[in-house]
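Me: I would like to learn how to read surface and pairing features from a model. Could you take me through a case?

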Amino acid sequence: MSANNPGMVPEITGIATPGWARSLAIALRAVFVVLAMAVVVQALIVVQARPQDLVSGFHGMVDIVRRSMPPDFSALPDAAWPTLETLDIGLFGTVMGIILALPLSVLAAANVTPSRWLYYLARGVIGFTRSVPDLVWALLFVTAVGLGPFPGGLALAVHSVGMLGRLFAETIENMDMAPIDALSLTGASRLQVFTHGVMPSVLPALAGIGLYRLDENIRSSLVLGFVGAGGIGFQLLTAMNLFQYRQVSLLLIIVFVIVFLAERLSAICRERLA
């Protein structure tokens with residue numbers, strides 16, 4: 001007993017002991033593990049995963065690979081133009097996406113937007129263009145303008161607006177506001193603040209994001225050819241439908257080279273900008 005507690009009443013020093021806290025943490029961890037396992041099990045059930053079918057059908061895949069060898073390099077000249085189309089679809093979609101996303105990202109950045117309703121409007125446009133897959137955009141533009149590389153480029157441009165707009169806006173929101181506040185105190189206009197304060201601060205980061213998106217768009221342009229958007233993807237689908245497996249193997253080699261070179265070039269450019 002202490003001198004301040006003459007009534008012989010025991011002092012309460014704490015409600016929960018460390019042992020109880022440790023037991024509660026272990027129980028919560030066990031519940032989390034059980035829930036995670038349940039989620040994985042339901043995913044296996046929903047997708048109807050049957051590993052035995054993969055094993056029994058392995059000989060079919062081996063047969064396709066056997067009929068694809070050697071690649072038909074005589075078809076290489078015919079693949080030159082679709083390859084160029086694929087690269088240009090990705091380039092067109094990226095450039096147009098950057099042009100459209102940049103003003104939207106300024107409006108969607110909370111620290112530089114001129115008004116709240118413009119902020120929510122820009123965020124809504126960015127969210128909508130990002131939520132619709134590029135394949136769906138390609139189907140819509142193919143319906144509007146017909147088959148060819150142009151609808152593929154438009155689809156990538158619109159989808160890139162959503163992806164680039166969000167990343168651009170987040171980059172602008174996280175920038176240092178000291179130069180912006182200094183320019184505003186000097187009486188600079190909004191355009192002057194943007195050109196002399198915002199852009200110099202975020203331009204290297206925006207360029208890196210744009211290069212990364214170019215890499216992604218070149219990959220996506222290969223798939224868009226499957227819905228009639230031109231490029232090497234359309235030629236690959238045609239060869240598969242005609243069971244020209246040797247030509248398919250050649251086109252897959254070209255696809256690998258395109259993706260590898262685009263990735264390396266993008267990485268080199270981002271390193272130079274860093």
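Reply: What follows covers salt bridges, a pocket and a surface patch in this predicted model.

Me: How many salt bridges are there?

Reply: Side chains of opposite charge can pair when their charged atoms come close. Here the count is two salt bridges. One joins the side chains of R166 and E170, at 3.3 Å from N to O. The other joins R219 and D215, also with an N to O distance of 3.3 Å.

Me: Is D215 buried or exposed?

Reply: D215 has 5% relative accessibility and is buried, because the cut-off for buried is under 20%.

Me: Which residues line the second largest pocket?

Reply: Rolling a probe the size of a water molecule over the atoms shows where empty space is left. The second largest pocket holds about 170 Å³ of space. Its lining includes L87, L211, D215, L261 and C269. Helix α11 gives the largest share of this lining, five residues. By type, the lining has nine nonpolar residues, one polar and one charged.

Me: Which helix gives the most to the nonpolar patch?

Reply: Helix α11 (residues 245-273) does, with five residues. The patch consists of F73, L76, I253, F256, V257, F260 and L261, with about 690 Å² of accessible area together. I253, in helix α11, is partly exposed at 37%.

Note on methods. Residues are numbered from 1 along each chain as its sequence is written. This is a predicted model: local features need pLDDT of at least 70, side-chain atom pairs count only at pLDDT 80 or more; totals for chains, interfaces and linings use all residues. Side-chain values use heavy atoms; hydrogens and water are left out. Patches are made of residues with over 30% relative accessible area and no salt bridge: like charges are joined within 9 Å, nonpolar side chains (Val, Leu, Ile, Met, Phe, Trp, Tyr) within 5 Å. Accessible areas come from the Shrake-Rupley method with a 1.4 Å probe; for residues, only the protein chains shown count as cover. A salt bridge is a side-chain nitrogen of Lys or Arg within 4 Å of a carboxyl oxygen of Asp or Glu. Helices (H or I, at least four residues) and strands (E, at least two) are DSSP runs, numbered from the N terminus. Buried means under 20% relative accessible area, exposed over 50%, partly exposed in between (1.4 Å probe, protein chains only). On a 1 Å grid over the protein atoms alone, a cavity is a set of points where a 1.4 Å probe fits but cannot get out, and a pocket is an open set with protein on both sides within 12 Å along at least five of seven lines; lining residues have an atom within 4 Å of a point. Grid points are joined across faces, edges and corners, and a volume is the space filled by probe spheres set on the points. Ala, Val, Leu, Ile, Met, Phe, Trp, Tyr, Cys and Pro count as nonpolar, Asp, Glu, Lys and Arg as charged, and the others, Gly among them, as polar.
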